[in-house]
Every structure is written in structure tokens, then in C-alpha cells.
Number of protein chains: 2
Amino acid sequence: MNEAIESLKASVSKLAPFSPEEWADFSSHWAPQNLSKGEFLIKEGQIEKYFYFVWKGVLRAYIMKEDGTDVSVGFSYNSDYSGAYDSFLGQFPTDFNIHAISDTLLLKISYADLMEQFDKYKSVERWGRIFNANILIGMARRQLEVRSFSAEERFDRLMNQSPHIFQLVPQKYLASYLGMTPETFSRMRKKKSI
Amino acid sequence: MNEAIESLKASVSKLAPFSPEEWADFSSHWAPQNLSKGEFLIKEGQIEKYFYFVWKGVLRAYIMKEDGTDVSVGFSYNSDYSGAYDSFLGQFPTDFNIHAISDTLLLKISYADLMEQFDKYKSVERWGRIFNANILIGMARRQLEVRSFSAEERFDRLMNQSPHIFQLVPQKYLASYLGMTPETFSRMRKKKSI
DNA sequence: GAACGAAGTTGATCTATATCAAGCGGGGCA
DNA sequence: TGCCCCGCTTGATATAGATCAACTTCGTTC
């Protein structure tokens, strides 16, 4: 738990400096939560009330298509953040589902508490702005990825950039993340003999 | 010009309230710029130095694939913002190109000036955070769009949600925006007899 | 450690969309 | 006024990847 808070502190401090008092107040609003493998952090239709920091474990975010198939849109693990962030920011019902791929330990802060912190401290406001900026940069990069490469190129790039993810995440999820069927994913794996 | 500033004010005020003094200072850092049809706002490899407000006209953002084809990733028009925003935020070279589809009138603020404003005023910091949040929500929505619908469904949805765009933007650009060739786009148009 | 179900593999076929190619039409410019 | 270019259309063909189906392997549970 304290370790988790320390990890959060390291992550937050990278974006904006907090005074000891600010940090004491800010950090006091984060509560631990754990999730067993298979449990849901949020389901579509709900409004995201929390912003999460992932201390241990792996989460998967996905959307359900009308035909019943699901499409993975992202994964979070060690010292990453999670939650249906668009829903959290706009306080409207989400289209995303997030579940635990493995047992997971999280810290969370409520929307009301975070907004209060934004009002109270300029440093928190700054952290929020830069955090959003970073998420946005990541999304732009991902958009580029999806738009400018073929299925096979996306496969290769994921392999090169995040080989560890092949261990953490079942490949049917990786397949839909890359925009292909599990069969196609399997054939590519074979082709590259991984 | 004053009209443009008024329009910017209306847009900014929607996200965060500014005092008259804050607004006077903040708004004084925006300079007009115009762009003739075909001219570029930014090309890939450059670092985005400005953040733009589009007062009149239409801009297209696109990426060049390695095979030389280009993919439209977005359009900006009246009272929208533009620029290679990820490059602007991170001050690294961009992968995007942005050019004017029609003659365009813009307002712009430099990176240095905007950062100074963030330092100076909490209201600007707040505007920045919420602005980023909104961009992020839009990107999440777009991601959903691209991932969960077929080419034809995307075509239909664009037609329903933004019919005006069919007038503003040449259809070869809309085609690549929707992730299809101009030929496929044309055939769909015919099928729906638009 | 047997046995069940889920995940992954492999092969055969199908289909949406790309690609290639040729012709059409209208707006801008001499 | 006419010409030229570019954007659009239309048809024929090719192909990446999906779908369907059967089989294997692996990891959990009793």
C-alpha cells in the first residue's frame, strides 16, 4: 500500500512538482482497491466515478460491437493509469468495458475529490493539464499506428516495441487490439516463428 | 479580426471563466495569420510552434504513408482549433501535414507565450486542462468509430452526423478519412444515390 | 492425474475492398 | 471559346484477411 503510494508519487512528480503539504493532501484522497482476475472495473453504460492508478496486475479495455464481438482498445499494467477516462472527464455513460486479465491492485480517487484538488492547488491543475496532454499524445500516436500500417506491419511493430505484452495478454485480445482475427494473429505468429 | 477575437473569446469562455484583465492579457498574445488554398500550416518533420484558432476556411490534417499515399486524419473549420497538437504539446517533430483546402483565416499563439500564460494564470491552466480533456474525449469517440464500424457503416454515420462536410471537403479526402479508396467511396455514394 | 472447457492452430473457402485501367465531365485559365 | 487537368466514375480483376470448421494443446478443477 505505501509502496503503491510511493509509486504513484513518482509517477505524478514526473509531470508537476508538489509541495510536501500539497502531496500530503492530494495523496490522502487515494484509496486502495483490488480486483480479482475476470472482475470488472467498469461496464458500458456506467458513468466512471474514479480515476485509477494500476499498482500491480493487468487490465484490458474493450468495446462491444453490435454483432456481439469485442474489440480490445488498450491494456494497463504496472504504474499505469486506468479507467474509462473520457467518461470520467465528461461524466457521461461510457462505451467501454474494463476487466482484470490478472489479479490487480489499484489506487483510486473519486471525481469529486479530484475536482476539489484541481480547485485547491495550481500544481494539481498543472498535473491534470500535462497528464491530459500526454494521454492525448499517446492517442495520436496510436491513431497514426492504426491508420498508416497494415495488419502485418502493426503486428511487427507491437512485437518490436512491446514484446513483454505477448506474455501478459492472451493473444485473442492482442489480435483484436491489432484489428485482426485470432486466426490471422496465429498465422502471423507461425510465419515469424515466435 | 476583432470578430475573430470575439469568436475565440466565446470558444475559450465555454471552458473556463477569465477576468477582464486576464482576457486582455491572454488575448493580446494571439496574432492573425492567413493561408491561401493549398498552402501548408505545417509539414511533417517540423516542430509545431503555434496553436491555431480557425476563424474562416477549412484545413485538412493528413499523414503520408511509406508507400506515398496520404491518409486524412481530420478537418478543421469555423471556430475550431488546428495545428499538430501532439507536436505542439511535446515540442517534438510532427508526423502530420496540415494544408488549407480553402482560403483560411486563423489566429495563433506561440508555444512560449501560451506556456507563460499557463504559469501566470490559474484560469488559463484550467482552460488548458479542460481543452485537453475535450480533445481527448473527441479522440476516444473517433477511435471507437474507427474500431467498431465497417467502411460502409462509417460512411453512413458520417453522412448522418456531418452532412455539411460533403460540401466542404473533396471526396478523395473524405474517402481516406473513412479508411477507404476514392473508388469505394464513389461506389457507396452511388449505392445510396447522393 | 483424468477430464473438461477454453485458447490456439491449421486448412479450405469466401468476401469486402483494393488495385488497375479506361473513360467522363466540369472548372479554371489562355 | 476551347483546352487541359484533375477529380470522379465505372468496370474487371486481384488479394488480404475473414469466416467456417475440425483438430490439438493447455490450464483448471475435481
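## Surface near DNA strand D

The residues of the surface near DNA strand D divide into four nonpolar, five polar and seven charged, where Ala, Val, Leu, Ile, Met, Phe, Trp, Tyr, Cys and Pro count as nonpolar, Asp, Glu, Lys and Arg as charged, and the others, Gly among them, as polar. This is a predicted model, in which local features need pLDDT of at least 70 and side-chain atom pairs count only at pLDDT 80 or more, while totals for chains, interfaces and linings use all residues. Residues are numbered from 1 along each chain as its sequence is written, with chains lettered from A and ligands numbered from 1 in the order in which they are written.

DNA strand D is surrounded by 16 residues, the closest being Ala151(A), Thr181(A), Thr184(A), Lys172(B) and Ser186(B); a residue is near the strand if its C-beta atom, placed from the backbone, lies within 6 Å of it. H9(B) contributes the most, with six residues (helices are DSSP runs of H or I with at least four residues, strands runs of E with at least two, numbered from the N terminus).

## Helix H5 of chain A against helix H5 of chain B

The axes of H5(A) and H5(B), each helix spanning residues 122-148, come within 9 Å and cross at roughly 25°, the axes being lines fitted to C-alpha atoms over the stretch in contact and the angles running from 0 to 180 degrees between N-to-C directions. H5(A) is therefore roughly parallel to H5(B), a term for angles under 35 degrees.

## Strand S8 of chain B

S8(B), residues 104-110, pairs in the antiparallel sense with S1(B), residues 31-35, over five bridges, pairing requiring at least two DSSP bridges. Six bridges join S8(B) to the antiparallel S3(B), residues 50-56. Leu105(B) stands opposite Asn34(B) and is also the bridge partner of Lys56(B).

Conventions
Angles under 35 degrees count as roughly parallel, over 145 as roughly antiparallel, 65 to 115 as roughly perpendicular and the rest as oblique.
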